[in-house]
Amino acid sequence: MRSLRSIILPMGASILAILIGGILVAALGYNPVTVYGSLISGAFGTGINIGNTITASLPLIIVGLGIAISFQSGLFNIGADGQYWIGATAAVWFGYHFNHLPGWFHMILCIVVGMIAGALWAGVIPGFAKAFVGSHEVITTMMMSYIGILLARYLIEGGPMQQKGFNPQSPEVAQNTQFPYFTQGLMQSQLSLIAVAIALVAVIVVWFLLYKTTLGFQLRTVGLNQRAARYAGINVKLFTVLALCLSGMFAGLAGAVQMLGVDHRLLDGFSSNYGYTAIVVSLLARNNPIGVIIAGLFFGALTTGGQNMQMVSNVPAALTDVLTGLIIFFVACERIIPQVIGWYRRRRTLKSTSAA
Amino acid sequence: MKKQFVAVAASMFALTAIVTGCGTGAASNNAATNGSNATNSAGTSNSAGTTNGKTIKIGLVTDIGGLNDNGFNHLAYVGMTNAQHQLNGVSTSVVQSQSESDYVPNLSHFAQNGYNLVIAVGYLMEDAVKQVAKEYPKTDFLIIDDNITGIPNVASAIFQSEQAGYLAGVVAGLVQKNHQLKGLNTKNVVGVIGGQDIPPVDTYIAGFQQGFKKEDPSGKVLLQYTNSFSDEALGSQYAQNEISQGADIIFPVAGGCGIGAINAAKSAKVYAIGVDTNQAYLAPGTVITSATKGVDTAVFDTIKAVQNGTFKGGVSTFNLANNGVGIAPLMQGVPQSVQTTVNQIKQQIISGQIKVSTTVQK
């Protein structure tokens, strides 16, 4: 019953958001059927589009896993975006150095370095600050996120990583570290099976870690009740640092995978916002690693479908953001609805008792 | 998260708008008619017969700056809209990229759907255009502000903005040297605000410095970079800083950030020079002239070439000679002699008598 509800409620929230979005679109003078049609066909219409949707959802899924770990451990890692870019930057730096290494080893090296960089960015300052002086991780991860993104920007805007003689961008990572694309009938979709495999392995690892190991049990215990955890002899400080490290590690992994799989270099912009969207992905999935796949695909589909929506039905880009906003709003509301129902029931019982 | 919050706020606002719209009935109706008008006009241009008897489809992919950047994305859109209105049989579509990873999917989406010309705005899309253009050799591509060579179906438009900057510098120099505008101080200082230390910005600045020094060798050019193309408050702050150092003509080359600088110049009752497009409308009486960059011309010409079947790959350079760059008409109150000198110098640049360097003096 409970698990059924945890599936139905987020889905209901999404459907309600889509319905209201439809009314909105209609009120602005567009045909909602065409608009949603172009959204869906843009996301799933052809093999290429499906490829694009999966590609767009991979970073969301991987960052979302990290967020899920931190949420399950009772920590709000808001700074995953910075951890993502630090992971990406580290992976790119290693990607265009050490070119004499064999391809597979160079690839793994980049990924591992990305993961470590992300983990350290989340774990060292926010983790230890939370564990030992109690400064709130919402503030510290957020601030570190800005520092991370601005550092990455500096590095390519006149800093040591800028490609000489070019507009702000880093050199391209070595050819043999780039993930090969899965080109069968998908042409330009930039989908690589290696990235998909990494995401799936990450999901399984997180699920196993959280639900099948002592470590995961301890993490979740800390998340549920710190005092009880301390009473049970769990080293809460250690697990706080560890949870943020793990969380940042997955954000860094996503950055590395995206750089090797899609972007191949740091480009000026840094506007992907995966770290923020992934928070919603994780919330929608109720911090369940398996659910993160579905929620990630859903948001990936919104991204690619949203771009197609603009092209086909000439709807402004901002409307896709509005739609995403509505979904977030209703997912958040989902916690309110049971409370409203509870309040209504109490009132009714109160009335019936006073009438009797 | 910030973006999502904004989105939530926007959606709540829109919801209220619907509710009130239903109450009055008129508002939502109006919106609906406007919307359908827009689609109708697009529809008619589709069905309109052409001289060649076929409709060409043009797709525009903006970079992450979006359409309202008051810069090249906007100008490219203007060029495309002009083509749609003035040439028969041109249908257009726009997509605004939200992140760097969208470039390849957006470009290939248009190509895959049989668009004749796909316009990529900005050097950020260089890799993406190279990759996609090879996969879709039948589609023509135009990239703005970047030079890609060796791919037959890719045309690149680059602008010699240093020439426009030079003319703007000449105007500033003349006006400063002879104190030809009301309220100019005697320090002869002009302030330049760059968005970023990158070629599309620096070419303007380099030209401006040389033009200014030619007319007013003892004058001083201040130069600062904001590292933002969007933050108006920051632009305003930088402008105030330069004004406090005595600058009374501000030349911002910083997109939306520069608009803040122009507004600051207006409030401080000093003068400004606009960039990319004629920005006189932002602050009449403050903006002396604007150094313009004909992204719209480039886009329009390329669309026309595609329609006539004369599209050619390779780099096209836009400069003073082909009106690809230039300066906007001077503000009222500027003496005619300035205009005369500018015209002379323009001819000298075109004939090659004056060579403008693209290197910024720091």
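The area buried between domain 1 of chain B and domain 2 of chain B is about 1,100 Å², and carbon and sulfur atoms give 60% of this area. Buried area here is the accessible area (1.4 Å probe) that two parts lose on being put together, summed over both. The tour concerns a predicted model, in which local features need pLDDT of at least 70 and side-chain atom pairs count only at pLDDT 80 or more, while totals for chains, interfaces and linings use all residues. Residues are numbered from 1 along each chain as its sequence is written, chains are lettered from A and ligands numbered from 1 in the order in which they are written, and side-chain values use heavy atoms, with hydrogens and water left out.

**Stop 1: the two domains of chain B**

Select residues 50–159 and 294–325 of chain B for domain 1, then 162–292 and 332–351 for domain 2. These bounds come from an automatic or database domain assignment. The contact between them takes 13 residues from domain 1 of chain B and 18 residues from domain 2 of chain B, where contact means heavy atoms within 4.5 Å. The C-alpha centres of the two domains lie 30 Å apart. On the side of domain 1, highlight Asn70(B), Leu320(B) and Val325(B): these residues lose the most area to domain 2, together 50% of what that side buries. How many salt bridges are counted between domain 1 and domain 2 of chain B? The count is 0, a salt bridge being a side-chain nitrogen of Lys or Arg within 4 Å of a carboxyl oxygen of Asp or Glu.

**Stop 2: the parallel sheet**

Next, display the open sheet of 6 strands in chain B with the order β2-β1-β3-β4-β5-β11, in which the pairing is parallel. Strands (E, at least two residues) and helices (H or I, at least four residues) are DSSP runs, numbered from the N terminus. Two strands pair if DSSP finds at least two bridges between them. At the edges stand β2 (90–96) and β11 (314–318) of chain B, each with a single partner strand, so one side of each has no neighbour in the sheet. The twist from one strand to the next averages 20°. Axes are lines fitted to C-alpha atoms, for helices over the stretch in contact, and angles run from 0 to 180 degrees between N-to-C directions.

Now select β4, residues 140–144 of chain B, which pairs with β5 (residues 154–159) in the parallel sense over 4 bridges. Within that pairing, the bridge partner of Ile144(B) is Ala157(B). β4(B) also pairs with β3(B) in the parallel sense, over 4 bridges, and Ile119(B) stands opposite Leu142(B). Is β4(B) buried or exposed? Since 5 of the 5 residues of β4(B) are buried, the strand is largely enclosed by the rest of the structure; buried means under 20% relative accessible area, exposed over 50%, and partly exposed in between (1.4 Å probe, protein chains only). In a regular strand the side chains alternate between the two faces of the sheet. Asp140(B), Leu142(B) and Ile144(B) point one way from β4(B), and Phe141(B) and Ile143(B) point the other way.

**Stop 3: the mixed sheet**

Turn to the other open sheet of chain B, whose 6 strands have the order β7-β6-β8-β9-β10-β12 with mixed pairing. Its edge strands are β7 (220–225) and β12 (325–327), each pairing on one side only. Neighbouring strands are turned by 15° against each other on average, direction ignored. Strand β6 (residues 189–194) runs parallel to β7(B), joined to it by 6 bridges, and Leu222(B) is the bridge partner of Gly191(B).

**Stop 4: single residues and a helix of chain A**

Select Asp102(B), in the loop between β2 and α4 (103–112) of chain B. Asp102(B) is buried, with a relative accessible area of 9%. Leaving aside neighbours within four places in sequence, Asp102(B) is in contact with Thr303(A), Gln307(A) and Ser97(B).

Then move to Gly148(A) in helix α6 (residues 137–156) of chain A. Gly148(A) is buried, with a relative accessible area of 0%.

Finally, select helix α11 (residues 274–284) of chain A, where 10 of the 11 residues are buried. Just after α11(A), Arg286(A) takes a positive phi of about 50°.
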